[in-house]
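Please take a moment to look over the chain below before reading on.

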Amino acid sequence: MQSSQSTDEKTQDATEQPLNADQWQDHLAKLSDYGKQLYIDYRKQTGTCKQLAAAEWRLSTRSLALTIILLVCFAGGLVLLWAGLLATVGIAIFSFSQSLWLAAISLIALQLLCLAWLWKNIGYVSSKIGFDHTLKSVRQLFNINKDE
């Protein structure tokens, strides 16, 4: 009885070896398929990131061009309007106070207020130029954390 049992064990060991090798081949084939799929997905994500960068580039150049055009137009209109307003205010202050110094100081103060307002608005409009979404996508693509 013992000899038949040891024969069964040998037969079972012999049948397990090829089965184990087949399992390894299946696992390797699955790993290869996963690697191929990962490569395909990574290339698709890279292509999407490239398209996003191109779209943001177009939008940023358009925003920059429009910002420059609007600044030039705004400056031209503002110069004309502001010059007329300052002349009117200066004449009014001088006619009421008969003080050239008071008229000059008032006009300079008005000019500085206008420049401060312009600077604030230029900062706001120019802050819209950038590649925020592209940078976020590239960080995700290469698994880069901003905090590290």
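**A chain of helices**

Read from the N terminus, the elements of the protein follow the order α-α-α. The protein has three helices and zero strands; helices (H or I, at least four residues) and strands (E, at least two) are DSSP runs, numbered from the N terminus. This is a predicted model, in which local features need pLDDT of at least 70, side-chain atom pairs count only at pLDDT 80 or more, and totals for chains, interfaces and linings use all residues. Residues are numbered from 1 along each chain as its sequence is written, and side-chain values use heavy atoms, with hydrogens and water left out.

The predictor's confidence in each residue is called pLDDT and runs from 0 to 100. The protein averages a pLDDT of 82, and 84% of the residues score at least 70. Confidence is highest in helix H2 (residues 100-126), with a mean of 89, and lowest in helix H3 (residues 132-141), with a mean of 79. Where pLDDT is low, the predicted coordinates should not be read in detail.

The UniProt record, an unreviewed entry, places the feature "transmembrane region" at residues 64-94 and 100-119. UniProt positions are given in the numbering used here, feature names are shortened, and annotations may be inferred rather than shown by experiment. In the model, residues 64-94 are 100% helix and 0% strand, with end C-alpha atoms 42 Å apart. Residues 100-119 are also 100% helix and 0% strand, and there the end C-alpha atoms are 29 Å apart.

What share of the 148 residues counts as buried? The share is 9%, where buried means under 20% relative accessible area, exposed over 50%, and partly exposed in between (1.4 Å probe, protein chains only). The largest nonpolar core consists of five residues: Leu-78, Trp-82, Leu-86, Cys-114 and Leu-118. H1 and H2 are the elements that give two or more residues to this core, and H1 gives the most, with three. A nonpolar core is a set of buried Ala, Val, Leu, Ile, Met, Phe, Trp, Tyr and Cys residues joined through side-chain atoms within 4.5 Å.

Gly-90 is in helix H1 and counts as buried because its relative accessibility is 11%. Gln-111 belongs to helix H2 and is partly exposed, since its relative accessible area is 28%. Its C-alpha atom is 9.9 Å from that of Ala-83, 28 residues apart along the chain.

Val-72, in helix H1 (residues 2-97), counts as exposed because its relative accessibility is 57%.

Two loop residues remain. Gln-98 lies in the loop between H1 and H2, and at 57% relative accessibility it counts as exposed. The phi of Gln-98 is near 60 degrees, a positive value in a residue other than glycine. Most residues other than glycine have a negative phi. Gly-130 sits in the loop between H2 and H3 and is partly exposed, at 25% relative accessibility. The C-alpha atoms of Gly-130 and Trp-57 are separated by 8.1 Å, although the two residues are 73 apart along the chain.
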